[in-house]
Amino acid sequence: MYEKILVATMGEYMDPIIEHTLDIIQERETEVIGIYVVETSVPFLTPKKVKEMMVTELTAKGEEILDSMKQEFQSPKHYMIKFRGVMREGSPADEIVKVAEDEGVDLIVLGTGKNIVDKRLLGSVSEKVVHSAPCTILLVRTS
Amino acid sequence: MLLMIIALIGVLIIALVIVIKSADVFVDSIVEIGGALGISQIILGVTASAIGTSLPEFGSAVVASLTGSTDLGVGTVIGSNIWNIAGILGISAAVAGVIQTNKAGLTRDWLMTLITGLILLFFMLFGDISWPAAAVMIIAYCFYLWILIKAQKKHSNETSHQDESQEKQLKENSNLEEDLEKKSEERGSKNVSKKTYLYVLLGLAGLIVGCRLLVYSADELGGMFGISDMVMGLFVLAVGTSIPELVVTLSSAMKGLHDLSLGTVLGSNTFNILIGIGIPALLLNVPVDRISLTFDAPVMIFVTLLLMALIKMGKGKLNRWGGIVLMITYMAYAIIRIFILS
């Protein structure tokens, strides 16, 4: 049913997200695109050098995350999966939707599980994606 | 009178923006010039991040001391340190939900912050802080900087080994090869334009003018409301000049960059005392206010200890409740200091 799946994670709750994705794929040939978005926005008056340092650290973190996703999805057990990692810079929700549109994916998988306080204080990427996604979404409850 | 107060508050806000932006431009340009002169990127990176966010406090402390408002300078430094931990880390942990810690980095930076506080308290016991104390403080900061650079070198060696093996694996990917070529081209360009030197001068001028305006407006406002220089420094200038620490700590905690979050605050606290008081004390005797010795400095050490206790209670993390406890502590300190002890 789903031939091209976009799996988004910021590094948290990666195991349940991967587990649910694999459960959907089962034995079918599927293309999986893993996405990590380096959030580049910083508040006014943030020193330029610190902003550069943040982007460098987040990029390194993203590479690590995409690498471990690759290991999970491309293990001999899951030979039918073709995995590709994509790293973008910008607003996570916007970039996830943009990549989903550009790649013409059938399904977006992402985690959700923030409590109401965290949602109010930090915002929710999954809520924003839900409002503008071009395809079906699987929200994996992570807590 | 009302117009004058509004104008002074306006000057204070504009001066703060000038100081923070000038510090940014100054550090940025110095790092660029340093890189072109062949100074290691590690040394530049560590120094820039340690000094970058603390230049406004340092500038204000120096300008305040040189213009005869030493209380304002000492107040800014001690007030910043209390605000950095109890206010900024409190707000950041409460908003982000959690700030995780790296045991080695935390132990090193926290211990240095605590030792720094104790060094200050020790010298305060002898009355004015003069040049021998200043020399000890500046040497202690150089030692800390050396430890930081050593730790960063070790970290860079480890990551460069990892990068090499990753590059080998991924070289099949043509896009990555292009990226790597681009990066090596960027590394190769080491020319510094005249503009960079101009930015250093502009940054420095902005810092001096901005700090002077900041100290002037705080001094005048304090005089109008009958608030002492010490209290103006402890709360108005301390919170104002700590805006860079607030934005960096809060945004890095929200992005999950926990080491940067905690490191910014602890590194800034060490710099504020050892250099923010050390340099002015090298130039002139810095007088010690009695309440600073008996209340402000002990509170500064208390919040440093409280931070570690909360992290231990949170099993290596500063959680939202810990953040709220820190914020309540800051509010209690501010109320006691402003309304009871002044």
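Of the 143 residues of chain A, 31% count as buried, where buried requires 20 or more other C-beta atoms, placed from the backbone, within 10 Å of the residue's own. This is a predicted model, in which local features need pLDDT of at least 70 and side-chain atom pairs count only at pLDDT 80 or more, whereas totals for chains, interfaces and linings use all residues. Residues are numbered from 1 along each chain as its sequence is written, and chains are lettered from A and ligands numbered from 1 in the order in which they are written.

**Fold of chain A**
- Chain A holds 5 helices and 5 strands, these being DSSP runs numbered from the N terminus (helices H or I, at least four residues; strands E, at least two), and their order along the sequence is β-α-β-α-β-α-β-α-α-β.
- The radius of gyration of chain A, 15 Å, is close to the 15 Å that the globule rule gives for 143 residues, so chain A is as compact as a globular protein of that length; the radius is taken over C-alpha atoms, and the rule is 2.2 Å times the number of residues to the power 0.38.
- The C-alpha trace of chain A spans about 50 × 30 × 30 Å along its principal axes.
- Among contacts in chain A with a separation of 6 or more, 78% join residues 24 or more positions apart, a contact being two C-beta atoms, placed from the backbone, within 7 Å.

**Interface of chains A and B**
- On chain B, 21 residues are in contact with 16 residues of chain A.
- Helices H1 (2–36), H2 (41–52) and H10 (243–254) of chain B each give two or more residues to the side that touches chain A, and H10(B) gives the most, with 7 residues.
- That side of chain B comprises 12 nonpolar, 6 polar and 3 charged residues, with Ala, Val, Leu, Ile, Met, Phe, Trp, Tyr, Cys and Pro counted as nonpolar, Asp, Glu, Lys and Arg as charged, and the others, Gly among them, as polar.

Technical notes
Buried ≥ 20, exposed ≤ 12 C-beta atoms within 10 Å, placed from the backbone.
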